[in-house]
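Grab your viewer and work through these exercises one at a time. Each task comes with a worked solution.

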Amino acid sequence: MSFCEHCVKGVTHEGEPAGKWEEINGVNSYVATPSKDYPKDKVIVLLTDIFGPQLINNRLLADDFAANGFKTVIPDLFSGDPAPVSAFNPGSTWSLTEWFKSHGPENTRPSIDKIIEGLKKDGVTSFGVIGYCFGGRYTFDLAFDEIPKAAAVAHPSLLKIPEDLETFAAKATAPLLINSCTTDPQFPLEAQAKADELLGNGKYAPGYKREFFEGCTHGFAVRGDMSDPKVKAGKEGSFKATVEWMIKYL
């Protein structure tokens, strides 16, 4: 598995997170709860990029989903050791390759399983799973296990194409939304076309849709530079599409 240079690039967004940190079945998590009444048996599990819930951008995203009526939980997959925000800085010597050696599936997937188990014990029966970058890989894996009722990814990383798309078509039952973009070495135009070929035009019965945001680069939906009009439109458009997908299917 490999990453790309855009996996460690981005801009910190401004805002004041409204959620709170909670421990769920032993996993530290950021929890954003709607201020109005909401269905207690439904939860969005937001699986982040390598920067985890410690990156304010991810917490603000969770808050925005909560503002649209969905309790949203971000598990800390990295046990307090996410990629540092300082990696954004030009000239940073932080090594993603070295970090990943101790943050692979054997280190991170157990936290997701614990979160799902803990939320089920709390009465949750329907999961929406949304994965950004690194979290996109796990959104596919959870769908293979038929855990989410609805799934969405934005610029997913670490997928094997076409194998993972073929497995999704054969094993998953969750409707899938993919938010894609122009420049994405992790999910390039060829992979996007293959997704449409294997899942589009009614071939994947549960439901499939791919949004495409022109002029955007891998990471735009989380870490994009909001001073760039195309990136701003992409981030807002992908969020809107994801909310509508969850309203429709979750």
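**Exercise 1.** Find the loop that holds N201 and decide whether N201 is buried or exposed.

*Solution.* Start with the location: in this predicted model, N201 sits in the loop between α6 (189–199) and β8 (208–217). Next, check the backbone: phi of N201 is near 55°, a positive value in a residue other than glycine. Last, the surface: exposed means over 50% relative accessible area, and N201 has 80%, so N201 is exposed.

**Exercise 2.** Which residue is joined to P162 by a cis peptide bond, and where is P162 found?

*Solution.* The partner is I161, and omega is about 10°. P162 itself is in the loop between β6 (150–154) and α5 (163–171).

**Exercise 3.** Describe how α3 (residues 105–121) and α4 (residues 134–144) pack.

*Solution.* Two packed helices are described by the angle between their axes and the distance between the axes. Here the axes come within 12 Å and cross at roughly 65°. The crossing of α3 past α4 is right-handed. Now list the contacts: P105, T108, R109 and I112 from α3 meet F134, Y138, D141 and L142 from α4. Sorted by class, that contact has five nonpolar, one polar and two charged residues.

Key:
Residues are numbered from 1 along each chain as its sequence is written. This is a predicted model: local features need pLDDT of at least 70, side-chain atom pairs count only at pLDDT 80 or more; totals for chains, interfaces and linings use all residues. Side-chain values use heavy atoms; hydrogens and water are left out. Axes are lines fitted to C-alpha atoms, for helices over the stretch in contact, and angles run from 0 to 180 degrees between N-to-C directions. Helices (H or I, at least four residues) and strands (E, at least two) are DSSP runs, numbered from the N terminus. A crossing is left-handed if the near helix is turned anticlockwise from the far one by less than a right angle, and right-handed if clockwise. Contact means heavy atoms within 4.5 Å. Ala, Val, Leu, Ile, Met, Phe, Trp, Tyr, Cys and Pro count as nonpolar, Asp, Glu, Lys and Arg as charged, and the others, Gly among them, as polar. Buried means under 20% relative accessible area, exposed over 50%, partly exposed in between (1.4 Å probe, protein chains only).
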